[in-house]
Amino acid sequence: MITIQQSATSHKAQFNYDNFVFGIQPTDHIFLCEYQSGEWLSPRIVPYHNLTISPLAMCLHYGQTVFEGMKAFRQKNGRVIIFRPEKHYERLSRSLERMCMPQIEQSMFMDALQTLIQMEQHWIPDDKDISLYIRPFIIATEPRIGIKVSQEYLFGIVCTPMGLYYPEPVSVKVETQYVRAAEGGVGYAKCGGNYGAAFYPTLQAQKQGFEQVIWTDAQTHECIEEAGTMNIMIVMENKLITPCLSSTILDGVTRDSILQIGRDMGLQVEERKIKYSEIIQAFQEDKHLEIFGAGTAAVISPVKCIHIEGTDYSPYIAKDAQMYALKQQLENIRKGIAPDLYHWNYAI
Ligand SMILES: *Cc1c(COP(=O)(O)O)cnc(C)c1O
């Protein structure tokens, strides 16, 4: 049972929907729950506030943290839905398992989301393209210097408004020196350490004039794996191609949704290893080629320039590109404009 303490005031009135920086202004409430003595205790929704943790808290030292990222949308009929929360839950469970953190029951997770979004849904305006980004996170809180599995955790969920922005096409560099993930590692888990480790190679690429890196596999550096913190996808002629899931690929909910929509639109879907030499060859043969990142935040992020071993190539980004149609269909399903054939929308 989730206990609720309503905030006395809402600071929504101070939120400028026409001009805001994403991710720095939380909504009015936070969900919190602690794990102690083998149990998740006192799930509650309370006014948003800063947390107090011990400087000895194990998350600060050993990186035992995982998170999720999903969105709630207002449909054209005014109803609010969360997009595929069960799929996010399954991934969270896999991340928790990999990081030796205690599982969260699905009923508690769904209850927490449902109750919190019910309370915060008024933050999603009905006249603007704004969704609510939902960030569940779990951190190890046992106060102890000593390398072992923490016995105490904090589970929180915060929300913040997000514009349905239309990202500019990006220039990317295929990274053949640094790696994001190696086989058998934690690449498939949404754990904090993966992101801290990606900053340095990304900054190096940015100094060379590229906005993002395309990661390659740790063993051969020949196969492309992910686009920054998004899954990478390619439209080549009539095929929609993306790396198959493995221990080094994050099982993206957007990736999975786009693949299904692609099939429904008549594209031939292939989940397999993609050598970058295949991309070079496709450019040389003048094939139709679109490259994009797929993830919850931007939905799709078109690539306008891909730098491979010293040469720049230009994928197709004109308005009639398939990737925009895929994105549009995904948005239509969420908005209740296209039928929700796969029950992806979870009504609040
Ligand atoms: C979160 C994430 C993605 C995208 O997953 P979605 O569920 O589509 O948001 C892809 N790659 C990495 C490394 C991620 O952290």
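Accessible areas here come from the Shrake-Rupley method with a 1.4 Å probe, and for residues only the protein chains shown count as cover. On that basis the protein chain exposes about 15,800 Å², of which carbon and sulfur atoms supply 51%. This is a predicted model: local features need pLDDT of at least 70, side-chain atom pairs count only at pLDDT 80 or more, and totals for chains, interfaces and linings use all residues. Residues are numbered from 1 along each chain as its sequence is written, and side-chain values use heavy atoms, with hydrogens and water left out.

Let me turn to overall form. Along its principal axes the C-alpha trace spans about 60 × 50 × 35 Å. Buried residues, meaning those under 20% relative accessible area, make up 54% of the 348.

The chain has 7 helices and 18 strands; these are DSSP runs, helices being H or I of at least four residues and strands E of at least two, numbered from the N terminus.

Now the two residues. Tyr62 lies in helix H1, residues 58-62, and is partly exposed at 32% relative accessible area, that is, between the 20% limit for buried and the 50% above which a residue is exposed. Thr296, by contrast, counts as buried because its relative accessibility is 16%. Thr296 sits in the loop between strand S15 (289-295) and strand S16 (299-308).

Key: Buried means under 20% relative accessible area, exposed over 50%, partly exposed in between (1.4 Å probe, protein chains only).
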